Structures are given as C-alpha cells and as structure tokens.
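Welcome, and please have a look at the structure below. We will start with a detail and then step back to the whole chain.

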Amino acid sequence: MLTALEQSRKALPQCLPNPPVGCVIVDKEQIVAQGYTQSPGKHHAEAYALKQIQGKAFDCLKMYVTLEPCSFYGRTPACALTLAEDPRVDEIYVSIVDPDPRNDGKGLEILRTPGKIVHLGLCADEVKAFLSKYLLR
C-alpha cells in the first residue's frame with residue numbers, strides 16, 4: 001500500500017479536482033502494474049493500472065488502492081464496476097473509504113457482490129494524512 005501511496009503523489013497537480021489516488025497490482029508478490037489518477041476525464045488510478053496489463057493472462061491478482069474505487073459514472077466509467085467484472089483481480093486492498101456521498105462504501109459493496117475479497121484499512125493513517133485535504137465530505 002505504501003507503493004500505491006507513492007503513486008498517488010505523482011497524480012498532483014494534474015488530477016485536481018479529483019483526489020490523487022494511487023494503485024498497484026500484484027501477481028505472486030511481484031508488482032505487475034502501477035497507476036495514479038490522471039487529469040480530469042482521463043483514467044483513474046485503477047483503470048490506468050489495469051490498462052498496463054491489458055491482454056495479459058493473470059490469475060488471482062491482488063490490487064492495492066489508496067481510496068475506495070468510485071461507484072458512479074462521471075467523466076469516466078465507475079472503477080468499482082470495471083474491477084467487479086475483471087476476473088483476473090480476486091483480492092482488493094483499499095486503504096480508506098471515500099467520504100464523497102456518491103461513494104461512501106458503495107464501491108466496496110459493488111466489489112463484494114461478485115465475490116471479490118475486499119480488505120479495508122491497510123496503511124489508513126498514512127493515506128488519510130495525505131489524502132484528507134483532497135476528499136469531498
């Protein structure tokens with residue numbers, strides 16, 4: 001998760017007003033993709049990382065993301081729905097819940113519906129210290 005937090009720092013300032021989110025995808029304890037939120041209208045961190053492994057065969061991937069994947073369609077598709085439909089990603093570690101009322105746990109529920117294993121709270125203090133000023137309440 002700390003590597004995902006490093007990725008999130010790379011998002012600034014281009015990602016604003018979106019929060020600077022970081023993401024890492026791991027296969028067998030090895031990082032296979034990394035991403036961070038791009039400028040508005042472009043990929044969010046999860047989609048940016050998934051694009052890097054497009055067309056590659058993997059099983060049982062783990063994803064580490066600093067903020068709950070979005071559950072709503074804005075300028076980009078909902079990341080939680082994209083992840084829920086991706087059979088390669090089995091386990092998702094989310095550091096903190098997105099307090100934006102359009103999310104606020106909805107992304108986590110979308111991920112759990114098809115049976116994804118979702119962990120919440122890894123490195124939450126470190127991520128909150130960085131992300132809190134960029135989050136809607």
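This is a predicted model: local features need pLDDT of at least 70, side-chain atom pairs count only at pLDDT 80 or more; totals for chains, interfaces and linings use all residues.

Phe 130, at 10% relative accessibility, counts as buried.

There are three aromatic pairs by the rule used here. In one of them, Tyr 36 and Tyr 48 have their centres 5.6 Å apart and their planes at 55 degrees, a tilted arrangement. Tyr 36 belongs to strand S2 (residues 30-36) and Tyr 48 to helix H2, so this pair ties together parts twelve residues apart in sequence. The rings of Phe 130 and Tyr 134 also pair: with centres 5.8 Å apart and planes at 50 degrees, this pair is tilted.

## The nonpolar core

What about the interior? The largest nonpolar core has 35 residues, and Ile 25 and Met 63 touch the most other members. Among the elements that each supply at least two residues of this core are helix H1 (2-10), strand S1 (22-27), strand S3 (61-67) and helix H5 (124-131). In soluble globular proteins, nonpolar side chains tend to be buried together.

Leaving aside neighbours within four places in sequence, Ile 25 is in contact with residues including Ile 31, Val 32, Ala 49, Leu 50, Ile 53, Leu 61 and Met 63.

## A buried serine

Ser 95 is part of strand S4, and at 2% relative accessibility it counts as buried. Not counting residues up to four places away in sequence, Ser 95 touches Met 1, Val 65, Thr 66 and Leu 120, among others, as well as Cys 123, Ala 124 and Val 127.

## The whole chain

Stepping back, the protein has five helices and five strands, which run α-β-β-α-β-α-β-α-β-α from the N terminus on. Of its 137 residues, 48% count as buried. Among contacts between residues at least 6 apart in sequence, 69% join residues at least 24 apart.

The C-alpha trace spans about 35 × 30 × 25 Å along its principal axes. A compact globule of 137 residues would have a radius of gyration near 14 Å, and the 13 Å of this protein agrees with that. The protein exposes about 7000 Å², of which carbon and sulfur atoms supply 53%.

Note on methods. Residues are numbered from 1 along each chain as its sequence is written. Side-chain values use heavy atoms; hydrogens and water are left out. A nonpolar core is a set of buried Ala, Val, Leu, Ile, Met, Phe, Trp, Tyr and Cys residues joined through side-chain atoms within 4.5 Å. Buried means under 20% relative accessible area, exposed over 50%, partly exposed in between (1.4 Å probe, protein chains only). Helices (H or I, at least four residues) and strands (E, at least two) are DSSP runs, numbered from the N terminus. Contact means heavy atoms within 4.5 Å. Rings of Phe, Tyr and Trp (its six-membered ring) pair if their centres lie within 6.5 Å; planes under 30 degrees apart count as stacked, over 60 as edge-to-face and the rest as tilted. The radius of gyration is taken over C-alpha atoms; the globule rule is 2.2 Å times the number of residues to the power 0.38. Accessible areas come from the Shrake-Rupley method with a 1.4 Å probe; for residues, only the protein chains shown count as cover.
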